[in-house]
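Please walk through this structure with me, one selection at a time. Tell me what to pick in the viewer and what is there.

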Amino acid sequence: ILKPHKMAVSGKPLTGPHLVLIPSAGMGHLTPFSRLAASLSDLCHVTMVSILPTVSSAESSHLSDFFSSYPDVHSFKFELPPFDSSAYPNADPFFLRFEGINQSAPDLMTRLLTKSSKPVSALIIDITLSTSMVPLAKSFGIPCYILFTASAAMLSFCAYFPTYYDSNSGPIGDIQINGLRMVPVATIPQALHNPKLIFTPLFIQNGKNLSKADGILVNTCESLEKDTLVALRDAHVQPGFPPVVAVGPLLPVNIPAISGASEVSPWLDMQPEKSVVYVSFGSRAAMPKEQIRELGLGLEASGCQFLWVVKTTVVDSHDNTELEELLGEGFLERVKDRGLVVKGWVEQEELLQHKAVGSFVSHCGWNSVTEAALHGVRMLAWPRLGDQRINAGRERFRCLHICDASSVTCSEPSDRSLICGPDCRDYRKK
Ligand code: UDP
Ligand code: G50
């Protein structure tokens, strides 16, 4: 769809296709969409939809900074009607939002088609919206592409899981994906073990609709996941699978408004080259308080320089505990010469490029993995939930794997899992 077209004197496209990008909730979904929108805007007319109000404050700040820094990306705001979540007590707010957007998709689509500044040539949607958006786009005759924001390994799992689920009546076990290696049960996203969760039926239908999309863009590259990409393209995983294009790692956007405004950069500037262990578990992986204290004691005992980003809640604006109370009395004082602990947002892209950062203890959200790979930072993987275990254990990736204390069996081959929790059957062997 990206044919050469007429350019204005400014070098910006005047004619050509109009692509509409529809991201989903959460920074892990929004970030790669902004990156793709920014790079496509040099080639054609691009609109990015903002679904409001956002779940987290991080998304809201990102959207306003992004649109003011990239005026060539057109903003299309969609106010989501309130979603009645009373049938799903304690559900993850991001899962509720995925469902809410899918339910309002017909309304969003009608508005896009009637109110857009230019006729829509094609949609690029998030995987979490494929249940509703893929059939809707088909019914209007609009090509629909999916930007898959996790790894190709996770894409192969999403594509194969519905086939497994429909033919399996018992509890979920190890899954042998056609044409690829086995996915051990401990690696499978925990949510999928419970069919009553709002996320599970959505995940299955999203997986089925992958095959009906016109194409799939994945934020990965051949050197990271060649075998998986080949298996997907050769339709080994799922017959009749659409074209799969590796577009990653998507490059960071340049937003001056948010650059370098915190205490982190000055602190890093004072540390020796490659001395700092950066510890972060992404934008929504909350950690229980006991585990935060244990991790703190571990970092203290390690003797390393460290920069640690602490998160206690799934949604950032709910987090109002003081660091001192969280980490235990005296902790910050004891580590002050070599550790910086922060709560809240850090500019991860910037600090992964800093010469003082030597390694990254990460939850393996796929954006974090691709950002670390882009800047050549070694990772110690501590996958915690969702797709993170699948991301951490994929091909061509030698990583240390910390077996989460809540996991009953180790999901990694023994040459990789060097650190196991006491609940793991491999614990005594290490
Ligand atoms: N991120 C950041 N600062 C933070 C937390 C996260 O810049 O304090 C960015 C990170 O660089 C990545 C995204 O937010 O681009 C998080 O996506 P990822 O897939 O790594 O994990 P998720 O938050 O979805 O679990
Ligand atoms: C959370 C979770 C399980 C899980 C995921 C979570 C993801 C995210 C990407 O974020 O995998 C995703 C892929 C396919 C899909 C929806 C979301 O249909 O507890 O798998």
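**Two helices in contact**

Select Ala152, Ala153, Leu155 and Ser156 in H5: they meet Glu225, Thr228, Leu229 and Leu232 in H7, where contact means heavy atoms within 4.5 Å. By class, this contact of H5 with H7 has five nonpolar, two polar and one charged residues (Ala, Val, Leu, Ile, Met, Phe, Trp, Tyr, Cys and Pro count as nonpolar, Asp, Glu, Lys and Arg as charged, and the others, Gly among them, as polar).

This is a predicted model, in which local features need pLDDT of at least 70 and side-chain atom pairs count only at pLDDT 80 or more, while totals for chains, interfaces and linings use all residues. Residues are numbered from 1 along each chain as its sequence is written, chains are lettered from A and ligands numbered from 1 in the order in which they are written, and side-chain values use heavy atoms, leaving out hydrogens and water.

Now show helix H5 (residues 152–167) and helix H7 (residues 222–233) whole. Helices (H or I, at least four residues) and strands (E, at least two) are DSSP runs, numbered from the N terminus. The axes of H5 and H7 come within 9 Å and cross at roughly 30°; axes are lines fitted to C-alpha atoms, for helices over the stretch in contact, and angles run from 0 to 180 degrees between N-to-C directions.

**The sheet**

Next, colour the strands in the order E3-E2-E1-E4-E5-E8-E9: these seven form an open sheet with parallel pairing. Two strands pair if DSSP finds at least two bridges between them. At the edges, strand E3 (73–79) and strand E9 (244–246) each pair on one side only. Finally, zoom in on Leu147, which stands opposite Leu217 in E8.
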